[in-house]
Amino acid sequence: MTRQVALARAWIGTPYVHQASSKGAGCDCLGLVRGIWRELCGEEPVKVPPYSKDWSEPQGEERLWRAADYLLCAKPLTDAALGDVLLFRMRAGSVAKHLGIQSAIGSEARFIHAYSGHGVVESALGPAWAQRVVARFGWPEGYE
């Protein structure tokens, strides 16, 4: 298990709260990644502006993808490693707007994410979820 996975598992059970990032109190999928960043790397490098649940879908802007590209290390989709940040497109033709942390690889692949109506949970990365992964990111050098 990597440090990122251990930190993410400590968030399991946190309620889903849009735009929040507080372990035990509430977070959304971005808030989970932000919280792990703070525990792993220290202060967040940028202030996150308010965002809507649609993540700029009407405008077709890949804001979350751009931010992940800027702050994290893009990896090939096939280069799965524990602790990777996964970016999901929930529907074909929509913007990518969901994040998770890879918690197991191989035939038992899993990920940890904050999911509306469920809070922070660990889910199987089965075909229904795996087909939605559009990008994979590692943590900045020194925090892998």
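Helices (H or I, at least four residues) and strands (E, at least two) are DSSP runs, numbered from the N terminus.

Keep in mind that this is a predicted model, where local features need pLDDT of at least 70, side-chain atom pairs count only at pLDDT 80 or more, and totals for chains, interfaces and linings use all residues. Residues are numbered from 1 along each chain as its sequence is written, and side-chain values use heavy atoms, with hydrogens and water left out.

**Salt bridges**

- By this rule, the count comes to nine salt bridges.
- Glutamate 122 counts as partly exposed because its relative accessibility is 23%, and arginine 9, at 32%, counts as partly exposed too (buried is under 20% relative accessible area, exposed over 50%, partly exposed in between, with a 1.4 Å probe and protein chains only).
- Glutamate 44 bridges to arginine 34, with the closest N and O atoms 2.6 Å apart.
- Glutamate 44 belongs to the loop between α2 and α3 and arginine 34 to helix α2, so the link spans parts ten residues apart in sequence.
- Glutamate 44 is buried at 18% relative accessibility, and arginine 34 is buried at 18% as well.
- Arginine 89 and glutamate 62 meet in a salt bridge of 2.7 Å, N to O.
- Arginine 89 is in strand β4 and glutamate 62 in the loop between α2 and α3, so parts 27 residues apart in sequence get tied together.
- Shared partners join Arg9, Arg110 and Glu122 into one salt-bridge network.

**Nonpolar cores**

- The largest nonpolar core has 27 residues, and Ile36, Val85, Leu99 and Trp139 touch the most other members (a core being a set of buried Ala, Val, Leu, Ile, Met, Phe, Trp, Tyr and Cys residues joined through side-chain atoms within 4.5 Å).
- At least two residues of this core come from each of several elements, including α1 (3–9), α3 (63–71) and β5 (96–104).
- Helix α2 gives the largest share, eight residues.
- Leaving aside residues up to four places away in sequence, isoleucine 36 touches Gln4, Leu7, Ala8, Trp11, Ile101 and Trp139 (contact means heavy atoms within 4.5 Å).
- Another core of seven residues lies apart from this one, with Phe88, Ala109, Phe111 and Trp129 among them.

Key:
A salt bridge is a side-chain nitrogen of Lys or Arg within 4 Å of a carboxyl oxygen of Asp or Glu.
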